[in-house]
Amino acid sequence: MSKIKFSDDYFMKQALIEAQKAFDLDEIPVGAVVVCNNQIIARAHNQTEQLNDVTAHAEMLAITAATEYLGGKYLNECTLYVTLEPCVMCAGALKWSQIANIYFGAEDKKRGFSKYTPIIKHPRCTIKGNIMENQCSDLIQSFFQSKR
């Protein structure tokens, strides 16, 4: 029996579902999933307002959930799908986790890690952006437009 290989779009859609949860809670709509062996092992969305914690970004919460699931601190066989380019804090945490791949949707032109340093990643980590970029950007933009 062959194993189904899900696409990057499939997993990014799952991250978008998480981002929509954040949107519905009046959080900045960023969602993330961690995938290992073609299976989602962690899901998270921004909860900075809900938890009153500036570090409660989707990526940070997803890292914690994934390491708890795996029973270890390294994610060297995992891929993070996140709807927005990680900030420097999240990129640093992802580097320490030794995550294998970081795939993001929309670029964060104001706070994304690449604005500050393009090399904040583990040497074996692959980074790929612009996956379902329009859908990811649209959700963020509609959130901030509703705040104006």
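E59 is located in helix α3, residues 58-70, where helices are DSSP runs of H or I of at least four residues and strands are runs of E of at least two, numbered from the N terminus. The model is predicted: local features need pLDDT of at least 70 and side-chain atom pairs pLDDT 80 or more, while totals for chains, interfaces and linings use all residues. Residues are numbered from 1 along each chain as its sequence is written, and side-chain values use heavy atoms, without hydrogens and water.

E59 is buried (under 20% relative accessible area; exposed is over 50%, partly exposed in between; 1.4 Å probe, protein chains only). E59 has no salt bridge (a side-chain nitrogen of Lys or Arg within 4 Å of a carboxyl oxygen of Asp or Glu). The nearest side chain of opposite charge, R111, is 12 Å away; Lys and Arg count as positive and Asp and Glu as negative, with His and the chain ends not counted. Beyond four places in sequence, E59 touches A32, L80, V82, L84, P86, C87 and C90 (heavy atoms within 4.5 Å).

Buried positions in α3 are A58, E59, A62, I63, A66 and T67. They cover an arc of only 155° around the axis and therefore lie on the same side of α3; the arc is taken from the directions from the helix axis to the C-beta atoms. An α-helix has 3.6 residues a turn, so residues three or four places apart point the same way. The buried residues of α3 pack against β1 (31-36), β2 (39-45), β3 (78-84) and α4 (88-97). After α3 comes G71, with a positive phi near 80°.
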